[in-house]
Amino acid sequence: PFFTFTRCSLYNLQTMAMRRVVCASARAFISPKNDVGGNPVSVFLSSQPTTPDERTKLAQTCPWESIVIENETDASNDRSLPTFHFYMPTGEEVSFCGHAAIGACSFLANKTSIISAENNLRSHLMSSVKTVPFLTAVDGSRYDAKVTGNEVELIMSTQHYETECNSQSCSLEDLLSEMGLEMSDIASKCESDICWPTFINSSVARPKTLIPIVTTERLHAATPPQNPTKFRQMCDSIDSTGVYLYSTFTKNDIKEAAANKRDIAFECRQFPRSSYPEDPATGIAAGALAASLQKREIICNKKESGNSIYDMCQGKAMGRPSKIRVKIGDYVSKQTD
């Protein structure tokens, strides 16, 4: 991730004592081909514990997702690991946010160098590999990230869940219409022995609704929800945290990729149920799509050290092209009703 840094002041309302909070703005999932993409996140680090009300107020100062780090330490004891609080710009705390975690881990790995750097930040980032462990505040799950300079690999051992969307609560046609699309824009669910995950909620952290679009042209013809309140209600009715549209490939494309003749990347767009129209890069949505493809044995790229590789490109329609690479090793699926 790329970084900019500021320091802000946080007041303790009971004592009116002022303490300084480091605020780091980062962008994660930047495409290797440009520096304009990626998904921004604000990282807050306080030397003292913060209250829920203080964290909410910090989050509401940000136009995008934010993360508050507590218990920042290098101790190996799980109870002493950094704890990550993930927030939406509304101040709502959520269980996990992939790009926020990546930005925070890169910040912790390079904290001393970054804060002391006045310019030419890239030259100050560490080149050796550092493992950054952390706990999520909502459920206490532990994760590890491997950080090398501005490259971060987030390692997740999680379970993949899929559920069919309830068309009685919200029809696929109505959902598409809210995004300026029609049923004819949907790729055939099963064609040429490829069964694309269609109108299902897929989750490796939070549920995302997967919808395959027949071409990238039609994918980029989609528009952010015309009525955000209505769209949020639609997402709530099918227990979704956002809609993840993805363009599909022909059977021949996938055969060539699986045979190591060429790599292919999915073009994707995410319209979240939250307070902003579109997301330029969504780690947990990319992970959910990759897991659903793996479940159906749709292997798109060469394997690396036994891991299946999936590349997701996102943000092009926003002028902020981003790229997410998902590696899947051992796979466990659990179907829910």
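This report describes the aromatic ring pairs of a predicted model, together with the setting of one tyrosine in a strand.

## Aromatic pairs around Phe-266

Across the whole structure, a search finds nine aromatic pairs. In one of them, Trp-196 and Phe-266 have ring centres 6.1 Å apart and planes at 85 degrees, so the pair is edge-to-face, given that planes over 60 degrees apart count as such. This pair links distant parts of the chain, with Trp-196 in the loop between β12 (194–195) and β13 (200–203) and Phe-266 in strand β16 (residues 265–272), 70 residues apart. Trp-196 and Phe-266 are both buried.

Phe-266 also pairs with Phe-249, where the ring centres lie 4.9 Å apart and the planes stand at 70 degrees, so this pair is edge-to-face as well. Here too distant parts of the chain are linked, since Phe-249 sits in the loop between β15 (242–247) and α7 (251–258), 17 residues apart from Phe-266 in strand β16. Phe-249 is buried, as is Phe-266.

## An aromatic cluster

Five residues, namely Phe-84, Phe-86, Phe-96, Phe-134 and Tyr-143, form one aromatic cluster.

## The setting of Tyr-161

Tyr-161 lies in strand β10, which spans residues 160–164. Its relative accessibility is 31%, so Tyr-161 counts as partly exposed, a class that lies between the limits of 20% for buried and 50% for exposed.

In sequence, Tyr-161 and Ser-203 are separated by 42 residues, whereas in space their C-alpha atoms are 5.2 Å apart.

Notes
Residues are numbered from 1 along each chain as its sequence is written. This is a predicted model: local features need pLDDT of at least 70, side-chain atom pairs count only at pLDDT 80 or more; totals for chains, interfaces and linings use all residues. Side-chain values use heavy atoms; hydrogens and water are left out. Helices (H or I, at least four residues) and strands (E, at least two) are DSSP runs, numbered from the N terminus. Buried means under 20% relative accessible area, exposed over 50%, partly exposed in between (1.4 Å probe, protein chains only). Rings of Phe, Tyr and Trp (its six-membered ring) pair if their centres lie within 6.5 Å; planes under 30 degrees apart count as stacked, over 60 as edge-to-face and the rest as tilted.
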